[in-house]
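Here is a short report for a reader meeting this structure for the first time. Look at the chain as a whole, then at its parts.

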Amino acid sequence: MANIKSQKKRILTAEKARQRNKAVRSELKTAVKHVRAAVEAGEKDAAQLAANKAGRLLDKAASKGIIHKNQAAKRKSGVQKLVNTLS
């Protein structure tokens with residue numbers, strides 16, 4: 001443990017941020033899983049709705065710096081390509 005007061009505070013705030021970021025990343029994975037499940041079930045409308053929600057979550061995570069903007073774009077593209085396989 002650090003001796004300096006400001007460093008003690010940084011340790012606490014970094015841990016809070018880590019927990020928050022972990023929760024957001026987990027939410028992103030769950031959103032993508034919902035898309036995959038809808039695609040496997042062949043439900044085009046449900047898959048598109050899930051893809052829209054996942055896209056919003058990915059954009060939000062990228063804007064907050066939790067994931068890189070290019071990674072968000074790559075994941076959104078992959079999810080949409082998956083939905084487009086249904087016709």
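This is a predicted model: local features need pLDDT of at least 70, side-chain atom pairs count only at pLDDT 80 or more; totals for chains, interfaces and linings use all residues.

Residues are numbered from 1 along each chain as its sequence is written, and side-chain values use heavy atoms, with hydrogens and water left out.

**Overall form**

The protein chain has 3 helices and 0 strands. Helices are DSSP runs of H or I with at least four residues, strands are E runs of at least two, and both are numbered from the N terminus. In sequence order the pattern is α-α-α. The radius of gyration is 17 Å, well over the 12 Å that the globule rule gives for 87 residues, so the chain is more spread out than a compact globule. That radius is taken over C-alpha atoms, and the rule is 2.2 Å times the number of residues to the power 0.38. Along its principal axes, the C-alpha trace spans about 60 × 20 × 15 Å.

Buried residues make up 25% of the 87 residues. Buried means under 20% relative accessible area, exposed means over 50%, and partly exposed lies in between (1.4 Å probe, protein chains only). The accessible surface of the chain comes to about 6,500 Å². Carbon and sulfur atoms hold 53% of that surface. Areas come from the Shrake-Rupley method with a 1.4 Å probe; for residues, only the protein chains shown count as cover.

Contacts are heavy atoms within 4.5 Å. Among contacts between residues at least 6 apart in sequence, 57% join residues at least 24 apart.

The chain carries 22 positive and 6 negative charges, and their mean positions are 14 Å apart. Lys and Arg count as positive, Asp and Glu as negative; His and the chain ends are not counted. Each charge is placed at NZ of Lys, CZ of Arg, CG of Asp or CD of Glu.

**The helices**

Helix α1 has 37 residues, which should span 54 Å at 1.5 Å a residue; its end C-alpha atoms are 55 Å apart, which agrees. The expected span is 1.5 Å times one less than the number of residues. The buried residues of α1 are Leu28, Ala31, Val32, Val35, Ala38 and Val39. Their cover includes α2 and α3. After α1 comes Gly42, with a positive phi near 80°.

Helix α2 covers residues 44–63. Its 20 residues should span 28 Å, and its end C-alpha atoms are 28 Å apart, which agrees. The buried residues of α2 include Ala47, Gly55, Leu57 and Leu58. Their cover includes α1 (5–41) and α3 (69–84). Just after α2, Gly65 takes a positive phi of about 85°.

**Single residues**

Leaving out residues up to four places away in sequence, Leu28 touches Leu57, Leu58, Ala61, Ile67 and Arg75.

Ser26 also lies in helix α1. At 41% relative accessibility, Ser26 counts as partly exposed. Ser63 is in helix α2. At 60% relative accessibility, Ser63 counts as exposed.

| Pair | Apart in sequence | C-alpha to C-alpha |
|---|---|---|
| Leu28 and Leu57 | 29 residues | 6.6 Å |
| Ser26 and Gln80 | 54 residues | 20 Å |
| Ser63 and Lys16 | 47 residues | 19 Å |
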